[in-house]
Amino acid sequence: MQKWECPCGYIYDPAEGDYANGVEPDTAWEDLPADWVCPLCGAEKDAFWKYDG
């Protein structure tokens, strides 16, 4: 699954999810709640871009 990067450097990895914020592992980017934000800086989903790492 595609990873996504925040301007602050946080990488959302669908395989890991975001357990601390209620996102289970294997949650695709498109399946994240609309109100989910970066756990490090609070940026909204539209600030992220596809990770090329």
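Me: How many aromatic pairs does the count come to?

Reply: The count comes to 7 aromatic pairs. Rings of Phe, Tyr and Trp (its six-membered ring) pair if their centres lie within 6.5 Å; planes under 30 degrees apart count as stacked, over 60 as edge-to-face and the rest as tilted. One of the pairs is Tyr 12 with Trp 29, which is tilted, at 5.8 Å centre to centre and 55° between the planes.

Me: Which parts does that pair tie together?

Reply: Tyr 12 belongs to strand E2 (residues 11–12) and Trp 29 to the loop between E2 and strand E3 (49–50), so the pair links parts 17 residues apart in sequence. Strands here are DSSP runs of E with at least two residues, numbered from the N terminus.

Me: Before we continue, what is the basis of these values?

Reply: This is a predicted model, in which local features need pLDDT of at least 70 and side-chain atom pairs count only at pLDDT 80 or more, while totals for chains, interfaces and linings use all residues. Residues are numbered from 1 along each chain as its sequence is written, and side-chain values use heavy atoms, with hydrogens and water left out.

Me: Is Trp 29 buried or exposed?

Reply: Trp 29 is buried, with a relative accessible area of 10%. Buried means under 20% relative accessible area, exposed over 50%, and partly exposed in between (1.4 Å probe, protein chains only). The ring of Trp 29 also pairs with that of Phe 48, with centres 5.0 Å apart and planes at 50°, so this pair is tilted. Phe 48 is likewise buried, at 7%, and Tyr 12 is at 0%.

Me: Which residues form the aromatic cluster?

Reply: Trp 4, Tyr 10, Tyr 12, Trp 29, Trp 36 and Phe 48 form one cluster.

Me: And what sits over the ring of Trp 29?

Reply: The charged end of Lys 45 does, 5.3 Å from the ring centre. The criterion is NZ of Lys or CZ of Arg within 6 Å of the ring centre and within 35 degrees of the ring normal.

Me: Turning to salt bridges, how many are there in the whole structure?

Reply: The search finds 1 salt bridge, that is, a side-chain nitrogen of Lys or Arg within 4 Å of a carboxyl oxygen of Asp or Glu. Asp 13 and Lys 3 form the bridge, at 3.8 Å, N to O.

Me: How buried are its two ends?

Reply: Asp 13 is buried, with a relative accessible area of 14%, whereas Lys 3 is partly exposed at 32%.

Note on methods: Helix = DSSP H or I, 4+ residues; strand = E, 2+ residues; numbered from the N terminus.
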